[in-house]
Amino acid sequence: MTVRIVLADDQAMIRTGLRMVVESEPGMEVVGEAADGAEAVALARRVRPDIVLMDISMPRVDGLTAARQLLDAPHPPKVIMLTTFDTDENLYAALRAGTSGFLLKVSPPEQLVEAIRVVAAGDGLLDPAVTTRVIASFAGRHEPVRPPQLAELTPRELEVLRMLARGLTNAEIAKELFVGEATVKTHVARVLMKLNLRDRAQAVVFAYESGVVTPGSALG
């Protein structure tokens with residue numbers, strides 16, 4: 001199945017470079033380009049891509065605002081934020097908004113391709129070490145709030161949520177639980193459904209903000 005991608009960046013040269021990288025890979029197709037956040041939202045709603053590569057700093061409507069608008073709508077695409085600066089505050093804001101990850105513009109082409117594959121597959125976190133570090137750092141500044149829907153999780157699903165908070169892939173969770181990957185995939189899907197979460201990145205945010213894990217306890 002082809003992964004359909006929209007590129008959103010205010011610099012034409014950056015978009016051209018991204019297009020060259022993406023379209024050199026089998027199974028990936030660029031279905032549109034946008035030069036600002038407003039264009040990105042309108043384009044994505046029209047062409048319904050699987051993934052939007054979204055620059056975080058753009059004129060008119062910035063990437064974070066555009067991402068929120070897309071992700072708040074029904075059946076949203078996955079969003080990967082692109083930025084020049086690896087600032088934890090931006091990363092946390094993007095993850096809380098529901099984006100699937102965060103990639104530096106200076107990342108090598110193979111890292112971009114891998115990021116698209118990870119997000120499209122949905123069975124791992126984009127850069128789990130950075131993601132869990134940032135979420136733990138920011139979530140730890142506030143008292144955890146335990147939502148009532150946590151009570152809907154079975155003990156095994158709660159265990160899987162804790163493993164998601166460590167950034168483990170389906171294969172890694174399967175190895176720790178001595179079960180098949182298909183079983184893990186089912187558990188993950190149920191966790192996301194019961195907690196009304198979009199993807200694994202949101203599950204990590206939820207796990208820390210609800211106190212299911214605490215900073216330091218889910219790492220390693």
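1. Histidine 75 counts as exposed, at 66% relative accessibility, where exposed stands for over 50% relative accessible area, buried for under 20% and partly exposed for the range in between, computed with a 1.4 Å probe on protein chains only. Histidine 75 lies in the loop between helix 3 and strand 4, helices (H or I, at least four residues) and strands (E, at least two) being DSSP runs numbered from the N terminus. Its phi is positive, about 50°, although the residue is not a glycine. Most residues other than glycine have a negative phi.

2. The model is a predicted one, in which local features need pLDDT of at least 70 and side-chain atom pairs count only at pLDDT 80 or more, while totals for chains, interfaces and linings use all residues. Residues are numbered from 1 along each chain as its sequence is written, and side-chain values use heavy atoms, with hydrogens and water left out.

3. Aspartate 127 also has a positive phi of about 50° although it is not a glycine. Its place is in the loop between helix 5 (109-121) and helix 6 (128-139), and with a relative accessible area of 35% aspartate 127 is partly exposed.

4. Threonine 131, in helix 6, is buried, with a relative accessible area of 4%. Leaving aside residues up to four places away in sequence, threonine 131 touches Leu95, Leu125 and Leu126, contact meaning heavy atoms within 4.5 Å. The C-alpha atoms of threonine 131 and leucine 103 are separated by 11 Å, the two residues being 28 residues apart along the chain.

5. The sheet is open and has five strands in the order 2-1-3-4-5, with parallel pairing; two strands pair if DSSP finds at least two bridges between them. Strand 2 (28-34) and strand 5 (101-104) stand at the edges with a single partner strand each, so one side of each is left without a neighbour in the sheet. On average, neighbouring strands of this sheet are turned by 25° against each other, direction ignored.

6. Within the sheet, strand 1 (residues 3-8) and strand 3 (residues 51-55) pair in the parallel sense over four bridges, with isoleucine 5 opposite isoleucine 51 and alanine 8 opposite methionine 54. Helix 1 (residues 12-23) packs on the sheet and touches strand 1, strand 2, strand 3 and strand 4 (78-83), its direction making about 165° with that of strand 2; axes are lines fitted to C-alpha atoms, for helices over the stretch in contact, and angles run from 0 to 180 degrees between N-to-C directions. Helix 3 (residues 63-71) also packs on the sheet, touching strand 3 and strand 4, and its direction makes about 155° with that of strand 3.

7. Strand 3 and strand 4 pair in the parallel sense over five bridges, and leucine 53 stands opposite isoleucine 80 in strand 4. Five of the five residues of strand 3 are buried, and both of its faces are covered, with Ile51, Leu53 and Asp55 on one side and Val52 and Met54 on the other.

8. Helix 4 (residues 88-97) and helix 10 (residues 200-209) pack at an angle of about 105°, with their axes 8 Å apart. That makes helix 4 roughly perpendicular to helix 10, a description that applies from 65 to 115 degrees, whereas angles under 35 count as roughly parallel, over 145 as roughly antiparallel and the rest as oblique. Tyr92, Leu95 and Arg96 of helix 4 and Ala201, Gln202, Val205 and Glu209 of helix 10 make the contact.

9. Helix 10 is mostly covered, since nine of its ten residues are buried, among them Arg200, Gln202 and Phe206. These buried residues pack against helix 4, helix 6, helix 7 (155-165), helix 8 (170-177) and helix 9.

10. The largest nonpolar core has 60 residues, and those with the most contacts inside it are Met54, Met81, Ile135, Leu161 and Tyr208; such a core is a set of buried Ala, Val, Leu, Ile, Met, Phe, Trp, Tyr and Cys residues joined through side-chain atoms within 4.5 Å. Helix 10 gives the most to this core, with seven residues. Another core, of 19 residues, lies apart from it and includes Leu7, Val30, Leu82 and Val113.

11. Histidine 187, in helix 9 (residues 181-195), counts as buried at 13% relative accessibility. Not counting residues up to four places away in sequence, histidine 187 touches Arg156, Glu157 and Val160.
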